[in-house]
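Please keep the model open while reading.

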Amino acid sequence: MSAKGQLRRFENRAQLLRHISEETGTDIDTLWDEYEAQVE
Amino acid sequence: MGDSTDLDVSFAIDAETVSLSPIGEYQVLDLEGPVVIVGDASYRVVPVGEESDLSEDVRELSVDEIRAALSELADNDDFQSIVDNCPTNTPLVYDDIDYLTRHLPTASLQKCGELSESTPFEKELLLQVAYVERQNSLVGHSDNVLEYYLEQRAEIAEKLRSTDEIDSDVERSFFSYLLLASALIEELTTETVLNELFREEGRLDSITEHVRSMGHAKRLEKLCDIQILTEGDHGSLVEVKKRRNNLVHDAQKRAGLDELESRREVAQILEKTDRCASVLLTISGKNIESVIAKRGCDPYIEHAQSEAVADTITTWEQEYPERLSRLHDCEQAALEKIRWDTEESDPGNNITEGFTFEGFDNEVLYEILMEFVGDASKAFLDRIDADANESNLDRFDFAVMVLLCAGHSYGDIARWLDTDEKYVQRKENVIAWRASKFEKGLVEEIPRPEDQTWPSNTESDD
């Protein structure tokens, strides 16, 4: 296994999802729904 | 003697703005790869630099593996020892695992290897999880003690306000407060000594042990010697320790609160103790966001507000779409451009850009706007928090840098950051070359040390 990367801390949900959206191209609506569905 | 006058107690630590995220349960989500959620914050591995072809490798840590590792390793002593040896941040340009394997002492890496053999987890995953734990203990402000401290402070303040005299209930409450204040101060002192004095060598267990065995008084002395702590604050912190010891070791003194006779006297000690805890919260880098927000340089404030507004729009698009669209539809509003005067305590009344108030009299919309700006103001502090964490400088030095870039005097910066002027001068010597591309991009220009700065000889002249 290799994990080439940096661990980054995000302080709120918007910061995290905006980052993932910019990095992967997935739209924020989808990410937001995924987050809601998975978080306990 | 009874005293029924109104009692006003004011505190240095603002319970509303101090970033308080006690350790919570971890959750691991799968959002285009693993994300570890801890309270409101989250961790994710992002690619190093601008090499986009690395993103596939980054996702190789599986969600299930991380989930299993977090729950199995929580009580493992060997794993905890690896966590204790991890740094609190790594340089932005390096891969974390590459950096950690070079940074950690051989004994820790050997433990990591052994742990990997006795568990289903690979070495890289163990290191990554250890690093999350270490980061969270610092930047998560994971002081449950701070939370208890604020609760106890609120209780004693309320008791003082609502009673006419010092009774046994007030005494008990004050004693509990003082114990928590002492515990908080000692914890933060240890952390700051480790940060400042043994910055790099703190990775060695033996050095950490040495700092822990020094005793609180010696640790405070060290902070004073390196001038992150002023002599005045050092004296006040020694007084807190003395008062705590007097009350702990002498039941008679405890019963009479060591001769504190009036509510006003108790309140004054309460305020002084709180101020001491506040100093440690600042110089340990845990509570710097509000100072940066108020006094930071213009390019940085522009960056952080712009990101905060974008974060807030993202949140509102999901949570309050109707209210957001009303703001978008308003001709006077240019939402993305909203900015506010950060030196004022209420951002709502100090919008400087992004909204034209002339001829505007829609009260309902005004309320929505105020809510939006209120949320943006919170997101602004979150953004500062995130930048301070991401910086290659430690959190406190990041604050020093952003204030130095604003052109404030050494004296003002020292006063706002509860430190000594000399510390600010010394940091100016090193910040320009220690700052990475990330910090340089946030503040544009970092000042250089210029002119000699000999100590004032006014006193000897007198």
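## The interface between chains A and B

In this predicted model, 29 residues of chain A are in contact with 43 residues of chain B. Contact means that the C-beta atoms of two residues, placed from the backbone, lie within 7 Å. Strand 1, helix 1 (13-24) and helix 2 (28-38) of chain A each supply at least two residues of the side of chain A that touches chain B. Helix 1 of chain A gives the most, with eight residues. Helices (H or I, at least four residues) and strands (E, at least two) are DSSP runs, numbered from the N terminus.

The touching side of chain A divides into 13 nonpolar, eight polar and eight charged residues. Ala, Val, Leu, Ile, Met, Phe, Trp, Tyr, Cys and Pro count as nonpolar; Asp, Glu, Lys and Arg count as charged; the others, Gly among them, count as polar.

## Conventions

Residues are numbered from 1 along each chain as its sequence is written, with chains lettered from A and ligands numbered from 1 in the order in which they are written. The model is predicted: local features need pLDDT of at least 70, side-chain atom pairs count only at pLDDT 80 or more, and totals for chains, interfaces and linings use all residues.

An open sheet of four strands has the order 1(A)-3(B)-2(B)-1(B), with antiparallel pairing. Strands pair if DSSP finds at least two bridges between them. Strand 1 (6-10) of chain A and strand 1 (26-30) of chain B are the edge strands, each pairing on one side only. The twist averages 25° from one strand to the next. Angles run from 0 to 180 degrees between N-to-C directions, and axes are lines fitted to C-alpha atoms, for helices over the stretch in contact.

Five bridges join strand 1 of chain A to strand 3 (residues 41-46) of chain B. Arg8(A) has Arg44(B) as its bridge partner there. Within chain B, five bridges join strand 1 to strand 2 (residues 34-38). Gln27(B) stands opposite Ile37(B) in strand 2.

## Chain B and its helix 2

Chain B has 22 helices and five strands. Of its 462 residues, 40% count as buried. Buried means 20 or more other C-beta atoms within 10 Å of the residue's own; exposed means 12 or fewer, and partly exposed lies in between, with C-beta atoms placed from the backbone. Residues 24 or more positions apart account for 71% of the contacts in chain B with a separation of 6 or more.

In helix 2 (residues 63-73) of chain B, Ile66(B), Ala69(B) and Leu73(B) are buried. Seen down the helix axis, these buried residues fall within an arc of 65°, so they line one face of the helix. The arc is that of the directions from the helix axis to the C-beta atoms. The face turned away from the buried side carries the exposed residues Asp64(B) and Ser71(B).
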